[in-house]
Amino acid sequence: MTGEGKMAELAGVYPVLIGLMGSGKSSIGRRLAAALELPLVDLDAVIVEQVGRPIPKIFAERGEEGFRDLETDMLARVIGRPAVLATGGGIVMRERNRALLRQHPPVIWLKADPEFLAARIKGDANRPLIAGGNALETLRQLADLRYPLYEACADFVLPRGDMKKSEALREILAFLHRWRRENAAG
Ligand code: S3P
């Protein structure tokens, strides 16, 4: 099959990316969206646009719960649209969000360990959960809490690490083809 024919096979497939902060949801999402000729919807960016405030300000003014309320509202609004959807790392914390994810496969978990992530996001002022604290320790706690939840929502787990982004993209596309064939009617 030609490259074009292969991509046509994925028409109507709208992947959702989940994983801890720093796992590459936005950057891999961008590449995946380009390959599928879909827009990338970044849920954090949707929230920022909706509220007109950056994420740390939203946390400061409304608390984490206030942010989570917005996140759930926006997820319900955008999930299922013809796009690649990159979510925020905490998306799996609410049952309602997990239900929405399960209703809109395929969901891809970019699984990376806290050591890998801490090196990437250390000192990122735009991430209120790690700002000013011990990023590695926080990421370890988040991983303990969230890994089982990501696992429960994911149709595919992509282990990140030293893998190049181009390789990650290839693996995801191979999964999407398998998933499409397995989920084809008949
Ligand atoms: C969060 C992750 C962030 C953002 C917010 C909370 C989290 O998104 O939604 O800071 O709870 O892990 P990224 O995963 O895109 O950094």
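Reply: Around the ligand stand 14 residues, and Lys25, Asp44, Arg68, Arg127 and Arg146 come nearest. Near here means that a residue has a heavy atom within 4 Å of the molecule. This is a predicted model: local features need pLDDT of at least 70, side-chain atom pairs count only at pLDDT 80 or more, and totals for chains, interfaces and linings use all residues. Residues are numbered from 1 along each chain as its sequence is written, and side-chain values use heavy atoms, with hydrogens and water left out.

Now the polar contacts (pairs of N or O atoms within 3.5 Å). A ligand oxygen lies 2.7 Å from a side-chain N or O atom of arginine 127. For arginine 146, a ligand oxygen is likewise 2.7 Å from a side-chain N or O atom. Alone, the ligand exposes 380 Å², and the protein buries 95% of that. These areas are Shrake-Rupley values with a 1.4 Å probe.

The ligand sits in the largest pocket.

Arginine 68 counts as buried because its relative accessibility is 5%; the cut-off is under 20%, with a 1.4 Å probe and protein chains only. Beyond neighbours within four places in sequence, arginine 68 is in contact (heavy atoms within 4.5 Å) with Gly90, Ile91, Arg94, Leu129 and Arg146.

Terms used: Buried means under 20% relative accessible area, exposed over 50%, partly exposed in between (1.4 Å probe, protein chains only). A polar contact is a pair of N or O atoms within 3.5 Å; within protein, one must be able to donate a hydrogen and the other to accept it, and residues adjacent in sequence count only if both atoms are side-chain atoms. On a 1 Å grid over the protein atoms alone, a cavity is a set of points where a 1.4 Å probe fits but cannot get out, and a pocket is an open set with protein on both sides within 12 Å along at least five of seven lines; lining residues have an atom within 4 Å of a point. A molecule sits in a cavity or pocket if more than half of its atoms lie within 2 Å of its grid points.
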